[in-house]
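These are my notebook entries on one chain and its ligand surroundings. I set down each item in the order in which I looked it up.

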Amino acid sequence: MAESIVVKIGSSSLTSGAGEINRERIAFYASELAALHALGYQVLLVTSGAVAAGFRTIGYPSRPKHLHEKQAAAAVGQALLMQAYQEIFGGHGIGTAQILLTRPDFASRSRMNNALMTIEELLHQRILPIINENDTVATDELKFGDNDMLSALVANLVKAQHLFILTDTDGLYTANPRHDPNARKIEHVEQITHDLMQIAGGAGTAVGTGGMRSKIEAARIAMRGGVPVFIGRLEQAGDLLLALQGSDKGTYFHTDQHSLPLKKQWLGFHSLSQGTIAVDDGAAKALLTGGKSLLPAGVRSVEGDFHPGDVVDVTGLSGDPIGRGVVNYAAWQIQAVAGLSTEEVKRRVEVNRIEVIHRDEWITLAN
Ligand SMILES: Nc1ncnc2c1ncn2[C@@H]1O[C@H](COP(=O)(O)OP(=O)(O)O)[C@@H](O)[C@H]1O
Ligand SMILES: N[C@@H](CCC(=O)OP(=O)(O)O)C(=O)O
């Protein structure tokens, strides 16, 4: 099967800053993507810029702050973006398709599968999918977070060979290079640590949203799904191909993880959690390194009102999340048997399976 490559381009790289698209830059990125397409890669574009491309047409003096204004600007800007992509990719002989996604769509496994089947068919037909969040219906609480995260989820979904997050800075620096002239570039990252998260700051311009922090969070999710990530900037023709070959145009995030089956992706990244179970150190170790199931003996406390078959988050004693799984017990049942031996549990409650969470229904999310 052809290698698939997901490229995410930020608002700051596609728009003028005054609420309009920057056609010249769009043409530049399109020709970079077209070059990979011509080499036989299956290319997917995750585009930002709907809000940033649309606010001038509406008459807003700067990027709007209120939700309804952002949504109106996105409705205008998304059409302008697609029009530009269609014309410009068309000039390269490449057909394009618009895919607008929302987070709740993915909470349903069948809708997530439908999105994947559509994307696969488009790629099979050599059409370039252009993906954005459906901003006109996404509310702040139910967003992917940011298009950086959307690109990581899409990369996992299609089991991409690479994710390129293109922005206005040539990689991750030890501090925000806009503010710290002594900041040094980090060329390679093997693991996203707490310290690394600390050095990644917010957005660089008035049109960008998540800054480096949201890119690192996205990189962590992609790496968890076995997708290596590049964060950086393209300057001249051929740079995307050079970045694919490992040039020094940005920061490379490596991964030794395998790609995740769809069921585990859904569980880890899309399902809606109905509660939280805190476990002791022994159970945390068994789940994280032993590939074991969670037994009642390891449970310390329970929050939420969930039922068998629901998805819950699992934390260690510190409260840090370690993973997520499907429970075989109702919340009240676990509360009744937390910390007890398997024999004792069998005497006290009637459940189909003794494991609180079976290892086949579990995904580790800690680093
Ligand atoms: N440690 C860091 N290294 C590099 N850039 C950083 C760092 N911390 C914050 N940034 C900022 O992140 C910005 C890129 O993110 P953002 O403005 O959201 O762009 P985009 O629209 O491409 O998503 C850079 O312009 C830079 O100012
Ligand atoms: N869906 C929004 C993108 C928001 C976003 O993540 O922007 P950016 O930080 O520029 O990638 C839009 O198209 O305006």
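**Entry 1: Arg 213.** I looked up Arg 213 in this predicted model and found that Arg 213 is partly exposed, because 17 other C-beta atoms lie within 10 Å. I applied these classes: buried means 20 or more other C-beta atoms within 10 Å of the residue's own, exposed means 12 or fewer, and partly exposed lies in between, with C-beta atoms placed from the backbone. Arg 213 belongs to helix H9. For helices I took DSSP runs of H or I with at least four residues, and for strands runs of E with at least two, numbered from the N terminus. Setting aside residues up to four places away in sequence, I found Arg 213 touching Ala 200, Gly 201 and Gly 202. A contact here means that the two C-beta atoms, placed from the backbone, lie within 7 Å.

**Entry 2: conventions.** I number residues from 1 along each chain as its sequence is written, with chains lettered from A and ligands numbered from 1 in the order in which they are written. The model being predicted, local features need pLDDT of at least 70 and side-chain atom pairs count only at pLDDT 80 or more, while totals for chains, interfaces and linings use all residues.

**Entry 3: confidence.** I noted a mean pLDDT of 93 for the chain, with 98% of its residues at 70 or more; pLDDT is the predictor's confidence in each residue, from 0 to 100. The model scores are ipTM 0.97 and pTM 0.93.

**Entry 4: the first annotated group.** In UniProt, an unreviewed entry gives "binding site" for a set of residues that includes Lys 8, Thr 167, Asp 168, Gly 210 and Arg 213. I keep in mind that UniProt positions follow the numbering used here, that feature names are shortened, and that annotations may be inferred rather than shown by experiment. Gly 210 sits in the loop between helix H8 (194-199) and H9. I recorded Gly 210 as buried because it has 21 C-beta neighbours inside 10 Å. Beyond four places in sequence, Gly 210 touches Asp 146, Asp 148, Ala 203 and Lys 215.

**Entry 5: Ala 222.** Further along helix H9 (residues 211-224) I looked up Ala 222. Ala 222 counts as buried because 27 C-beta neighbours lie inside 10 Å. Its contacts, apart from neighbours within four places in sequence, are Ala 152, Ala 155, Asn 156, Leu 163, Val 227 and Val 229. I also checked Ala 222 against Asp 146: they are 76 residues apart in sequence, and their C-alpha atoms are 14 Å apart in space.

**Entry 6: helix H7.** How many of the 11 residues of helix H7 (residues 147-157) are buried? I counted 11 of the 11, so H7 is largely enclosed by the rest of the structure. The buried residues of H7 include Asn 147, Asp 148, Ala 152, Ala 155 and Asn 156. Just after H7, I noted a positive phi of about 50° at Lys 159.

**Entry 7: the second annotated group.** UniProt, again in an unreviewed entry, places "binding site" at Ser 48, Asp 135 and Asn 147. These residues spread over 100 residues of sequence yet cluster in space, the largest C-alpha distance being 10.7 Å. Ser 48 lies in the loop between strand S2 (42-47) and H3, and Ser 48 is buried because 30 other C-beta atoms lie within 10 Å. Not counting residues up to four places away in sequence, Ser 48 touches Ile 9, Gly 10, Ser 11, Leu 14 and Asn 147. Asn 147, in helix H7, is buried because it has 28 C-beta neighbours inside 10 Å. Leaving aside neighbours within four places in sequence, Asn 147 is in contact with Lys 8, Val 46, Ser 48, Asn 132 and Glu 133.

**Entry 8: ligand 2.** I found 17 residues around ligand 2, the closest being Ser 11, Ser 48, Ala 50, Val 51 and Asn 147. Helix H1 (11-14), helix H3 (50-58) and strand S4 (128-133) each supply at least two residues of the shell, and the largest share, three residues, comes from H3. By class I recorded four nonpolar, 10 polar and three charged residues around ligand 2; Ala, Val, Leu, Ile, Met, Phe, Trp, Tyr, Cys and Pro count as nonpolar, Asp, Glu, Lys and Arg as charged, and the others, Gly among them, as polar.

**Entry 9: domains.** The chain is divided into domain 1 (4-263) and domain 2 (273-364), with bounds from an automatic or database domain assignment. Their centres, taken over C-alpha atoms, are 36 Å apart. UniProt lists "domain: PUA" (unreviewed entry) at residues 275-358. I noted that this span is 26% helix and 27% strand, with its end C-alpha atoms 17 Å apart.

How values were computed
A residue is near a molecule or strand if its C-beta atom, placed from the backbone, lies within 6 Å of it.
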